[in-house]
Amino acid sequence: MPSAGAETKPAVASAMTPGPTPSFAALARRWYRLNQAGLRAAVIGAISLAAFLVVWHLLTTYRVVFFVRFVNVPTPLAVYASFTKAMHDPKFLMHLLLSCRRIFIGFSLAAIVGVPLGLIMGRFKLVHEAVFPVAEVLRPIPAIAWVPMAIMLWPTNEQSIVFITFLGSFFPILVNTLHGMSLVDPVLVRAAQCLGARERSIFREVYFPASLPHIFTGLTVGMGVAWVSLIAAEMISGQYGIGYFTWEAYSLVQYADIALGMIAIGVLGLASSLLIRAAGRLVMPWRPK
Amino acid sequence: MNEVRTKPPLGRIEVSNFSLSYESIDGAVQAVTDTRIHVDPGEFVSIVGPSGCGKSTLLNAVAGFLKPTTGVVTVDGEPVNGPSAERGMVFQQYSLFPWKTVRENVEFGLKMRGMPRSQRERAARTLLGLAGLEAFEKHYPERLSGGMKQRVGIVRALATGPKVLLLDEPFGALDAQTRVIMQQILTNMWQRLKISVLFVTHDIDEAIFLSDRVYCMTARPGSIKAEIPIPLDARGSSR
């Protein structure tokens with residue numbers, strides 16, 4: 001480590017002296033040692049998923065009835081068959097696409113409104129005092145309970161479903177942003193003031209980045225609730241959408257499609273929360289992984 | 001910066017008739033009472049006292065975070081009202097912005113002043129080089145040791161070329177060995193920059209080692225009990 005400073009240098013930088021170039025085998029062994037924990041988790045995870053499939057297969061092929069009735073539950077193979085069929089069915093793909101679009105619009109609106117509102121409420125007491133009580137009263141109402149009201153409020157079915165999705169994700173985003181703002185270290189604000197920062201710069205350079213980890217927690221939770229709300233809304237009032245598909249499958253006695261719909265919902269939910277986590281890493285490079 | 005050099009030396013801190021009290025349920029509590037201190041341009045002055053004696057309160061008033069109940073704080077004759085980049089500050093708690101790299105932290109004050117990016121990058125690199133920190137310019141603070149963080153904190157406070165440097169127990173959280181190193185670094189920087197320094201500590205040895213003059217404070221209510229000039233030869237031998 002080069003150091004131009006004449007002063008004594010604290011022994012901080014650990015020695016990173018590269019030895020002679022190691023062989024490929026040695027590198028592979030070192031890689032294995034460093035990633036052992038991750039590999040282990042992956043292997044155990046795969047085994048556990050396989051075991052789940054096997055148990056599911058056994059329970060359904062032998063139509064087990066033991067408190068819970070597996071008589072009508074489709075086997076994994078039946079679900080797989082309906083999956084391959086659905087993949088070539090433009091209608092199924094449209095269901096998926098529509099749900100994704102509703103999530104995208106509802107969730108984006110919630111983030112666009114919720115994050116700035118939380119930041120402003122966290123910074124300005126008057127706004128907090130005025131808005132917080134209303135938010136607290138509305139927050140415990142589950143988004144599903146809004147369905148009749150939403151149908152009355154909005155001219156089209158599509159809009160009311162997006163509205164329900166918006167409501168579901170809005171409150172977690174707002175509350176977490178607010179929480180992040182309340183935890184900003186005052187010493188960082190004072191440090192910024194001592195360096196000549198004014199109100200607006202402090203907001204942009206201190207409050208906002210300091211709240212980002214909590215904002216992303218809010219976005220992750222909000223995305224989960226958005227899916228919950230969307231599926232419920234689609235089942236009740238929908239035409240199209242993966243929630244509607246799942247409910248319709250039940251009405252039409254297409255049992256394999258019920259499981260297919262559920263799995264599709266799970267995969268989409270997982271994918272969207274992974275997307276948010278990736279965005280978080282991108283936006284907050286200073287955070288440890 | 002050049003303009004500052006041609007004027008007579010700047011950075012005289014004056015605190016006179018100073019008292020500060022705050023309201024509590026039991027009435028007004030006197031944190032600091034009837035205090036008068038000064039720091040001459042280029043002088044290194046410490047305030048020593050037990051914890052809770054009000055020395056940090058006094059320093060925070062000089063920084064502009066607290067308003068005196070009575071009396072005035074002036075720097076070069078101008079009353080202090082609110083924090084400003086004229087008075088650089090180093091805190092006891094690590095106060096680097098975790099979302100900024102070491103260099104971006106050092107650049108912060110210059111950015112606030114509106115200096116263009118390329119110019120402030122160069123300035124920050126130069127300063128980090130002087131402090132022996134150039135190898136760490138791209139690191140985030142989380143990866144630095146405590147001593148290293150405070151070193152960056154000092155560089156950051158000096159980057160805007162303040163008239164005075166205020167330090168609030170900056171080495172309080174460091175281990176003894178790192179502390180000694182940091183004291184030497186601070187002395188070196190001070191000698192090079194000829195800046196006025198007001199340093200708060202509870203460690204008497206530290207105060208004697210660093211300072212031209214030491215104020216001793218007592219608690220409840222906080223006030224200056226003694227003012228002790230430190231002869232040059234006493235400093236080296238204090239360790």
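Contact here means heavy atoms within 4.5 Å. By that rule, the contact between the two chains takes 29 residues from chain A and 39 residues from chain B. The model is predicted.

**The interface**

About 2,900 Å² is buried between chain A and chain B. Carbon and sulfur atoms give 68% of that area. Polar links are also present: the rule finds four residue pairs in polar contact across the interface, both residues at pLDDT 80 or more. On the side of chain A that touches chain B, the elements giving two or more residues are α8 (186-194) and α9 of chain A. The largest share, seven residues, comes from α8(A). By class, this side of chain A has 19 nonpolar, six polar and four charged residues.

**Salt bridges**

Side chains of opposite charge can pair when their charged atoms come close. A search of the whole structure finds 21 salt bridges over all chains. Across the interface of chain A and chain B the count is two. The table gives one pair between the chains and one pair within chain B.

| Pair | N to O distance |
|---|---|
| B:Lys111 and A:Glu205 | 2.8 Å |
| B:Glu86 and B:Lys163 | 3.7 Å |

B:Glu86 sits in the loop between β5 (78-79) and β6 (87-90) of chain B, and B:Lys163 in the loop between α5 (146-158) and β7 (164-168) of chain B, so their pairing ties together parts 77 residues apart in sequence.

**Helix α9 of chain A**

Helix α9 of chain A covers residues 199-237.

Note on methods: Residues are numbered from 1 along each chain as its sequence is written. Chains are lettered from A and ligands numbered from 1 in the order in which they are written. This is a predicted model: local features need pLDDT of at least 70, side-chain atom pairs count only at pLDDT 80 or more; totals for chains, interfaces and linings use all residues. Side-chain values use heavy atoms; hydrogens and water are left out. Helices (H or I, at least four residues) and strands (E, at least two) are DSSP runs, numbered from the N terminus. The expected span of a helix is 1.5 Å times one less than its number of residues. Buried area is the accessible area (1.4 Å probe) that two parts lose on being put together, summed over both. A salt bridge is a side-chain nitrogen of Lys or Arg within 4 Å of a carboxyl oxygen of Asp or Glu. A polar contact is a pair of N or O atoms within 3.5 Å; within protein, one must be able to donate a hydrogen and the other to accept it, and residues adjacent in sequence count only if both atoms are side-chain atoms. Ala, Val, Leu, Ile, Met, Phe, Trp, Tyr, Cys and Pro count as nonpolar, Asp, Glu, Lys and Arg as charged, and the others, Gly among them, as polar.
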